[in-house]
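Hi,

Here's the structure I promised to pass on.

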Amino acid sequence: MEHIRCLIIGSGPAGYTAAIYAGRANLSPVVYEGIQPGGQLTTTTEVENFPGYPEGITGPELMDDLRKQAERFGADIRSAIAIKTDLSERPYRITFDNGDEVSADTLIIATGATAKYLGLDDEKKYAGMGVSACATCDGFFYRKKTVAVVGGGDTACEEATYLAGLASKVYLIVRKPYLRASKIMQERVLNNPKIEVLFEHNTVGLFGENGVEGAHLVKRLGEADETRYDIAIDGFFLAIGHKPNSDIFKPWIQTDEVGYILTEGATPRTGVPGVFAAGDVADPHYRQAITAAGSGCKAAIEAERYLTENNL
Ligand code: NDP
């Protein structure tokens with residue numbers, strides 16, 4: 001079985017930044033890219049809020065740069081998906097879908113999270129053409145335009161409020177007759193004149209020639225007074241939750257009820273010594289490329305210290 005000093009699973013900003021730091025610390029990091037090489041940013045177009053790019057950069061270019069930077073410091077980047085882990089004792093054992101089975105002294109989990117979608121064909125059809133799961137990433141493109149946000153939780157309320165600062169009108173499409181969000185977030189939404197909350201509404205489709213121009217809605221789906229109508233919108237934002245990609249670690253690592261890995265305070269330490277979590281898999285709150293990169297850096301520094309302290 002191949003032995004690795006510092007194994008990194010995941011290739012978003014957290015994974016690659018961990019690889020840059022681990023490479024520069026001579027830990028010979030090995031990165032397994034996972035399901036979506038380059039992570040969630042590869043599905044966005046322009047990234048304008050990552051420091052260091054005054055003109056902005058596309059998501060795929062940014063990830064390509066981070067990958068090259070990791071390779072420059074010796075990261076061995078492989079494409080396979082981790083399917084099984086045994087973290088019961090060190091060295092930790094990880095199995096991948098291409099048949100690789102490795103043991104590792106330290107493990108950095110940077111497997112990210114996946115935004116949930118409604119499952120409509122139109123979401124795929126208009127991906128990057130008006131459909132987004134990140135208001136902070138893409139909201140800027142909808143200045144003075146009309147957008148819709150789907151969801152009734154804190155994320156949806158936060159995104160609707162954020163978008164109301166940019167767009168001329170925001171519809172909040174909520175399937176229940178009430179919001180699930182915290183009281184304060186609800187108040188912000190309900191008191192914002194730019195936001196119109198459509199309770200008991202479901203989206204059944206999107207339409208438009210060269211991008212989203214509107215949504216097909218159903219009010220009180222399945223009820224006797226069910227009504228169907230369309231709204232004109234330029235952007236359609238999903239905010240119905242994220243799923244952290246933590247399932248294969250769950251037997252060993254503590255998560256919250258949603259599946260976000262729990263770490264010790266502001267550190268990336270999990271309850272298993274030498275195993276660290278970085279980026280969105282452990283972050284239900286910020287979910288930004290720059291915060292993921294920062295936590296990847298912390299995880300690599302922790303891994304280096306752990307190896308030194310344990311003479312590994
Ligand atoms: P939540 O799970 O809290 O809310 C998801 C929302 O999406 C619910 O309103 C749910 O409706 C709706 N939804 C789910 N599936 C569908 C669907 N198929 N069609 C239509 N609507 C759907 O997720 P959040 O991302 O909002 O929040 C996750 C966690 O992060 C929460 O604990 C939240 O409090 C926290 N958070 C805190 C923030 C803060 O404090 N500033 C900011 C953002 C998040 P329904 O109610 O009917 O189930």
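Let's start with Ile8. Setting aside neighbours within four places in sequence, Ile8 is in contact (heavy atoms within 4.5 Å) with Gly15, Ala18, Ala19, Pro29, Val30, Val31, Tyr32 and Ile108. Besides the core that Ile8 belongs to, there's a second, separate core of 23 residues, with Ile4, Ala82, Val102 and Ile261 among its members. By nonpolar core I mean a set of buried Ala, Val, Leu, Ile, Met, Phe, Trp, Tyr and Cys residues joined through side-chain atoms within 4.5 Å. Buried is under 20% relative accessible area, exposed is over 50% and partly exposed is in between (1.4 Å probe, protein chains only).

Before going further, a word on the model. It's a predicted one, where local features need pLDDT of at least 70 and side-chain atom pairs count only at pLDDT 80 or more, while totals for chains, interfaces and linings use all residues. Residues are numbered from 1 along each chain as its sequence is written, and side-chain values use heavy atoms, with hydrogens and water left out.

Back to the cores. The largest one has 32 residues, and Cys6, Ile8 and Ile108 have the most contacts inside it. At least two residues each come from strand E1 (2-9), helix H1 (13-24), helix H2 (59-72) and helix H7 (289-309). H7 is the top contributor, giving eight residues. (Helices, H or I with at least four residues, and strands, E with at least two, are DSSP runs numbered from the N terminus.) In soluble globular proteins, nonpolar side chains tend to be buried together.

Next, Ser11, which sits in the loop between E1 and H1. Ser11 counts as buried because its relative accessibility is 2%. A polar atom of its side chain lies 3.0 Å from the backbone oxygen of Glu33, and one lies 2.9 Å from the backbone nitrogen of Gly38. Beyond its sequence neighbours within four places, the contacts of Ser11 include Tyr16, Pro37, Met63 and Ala110.

Glu33 itself is in the loop between strand E2 (30-32) and strand E3 (46-47). With a relative accessible area of 9%, Glu33 is buried too. Neighbours within four places aside, its contacts include Gly10, Ser11, Arg67 and Arg78.

What surrounds the ligand? Leu118, Gly151, Gly152, Gly153, Asp154, Thr155, Glu158, Arg175, Lys176, Arg180, Ile240 and Gly241 do (each with a heavy atom within 4 Å of it). This shell divides into two nonpolar, five polar and five charged residues. Oxygen atoms of the ligand lie 3.3 Å from a backbone N or O atom of Gly153, 2.9 Å from a polar side-chain atom of Lys176 and 2.4 Å from a polar side-chain atom of Arg180. The protein buries 72% of the 920 Å² that the ligand exposes when taken alone (Shrake-Rupley method, 1.4 Å probe).

Finally, Arg220, found in the loop between strand E15 (214-219) and strand E16 (227-232). Arg220 counts as partly exposed because its relative accessibility is 27%. Leaving out neighbours within four places, Arg220 is in contact with Glu200, Asp225 and Glu226. A polar contact of 2.7 Å joins the side chains of Arg220 and Glu200; such a contact is a pair of N or O atoms within 3.5 Å, and within protein one must be able to donate a hydrogen and the other to accept it, with residues adjacent in sequence counting only if both atoms are side-chain atoms.

Cheers

Conventions. Nonpolar A, V, L, I, M, F, W, Y, C, P; charged D, E, K, R; others polar.
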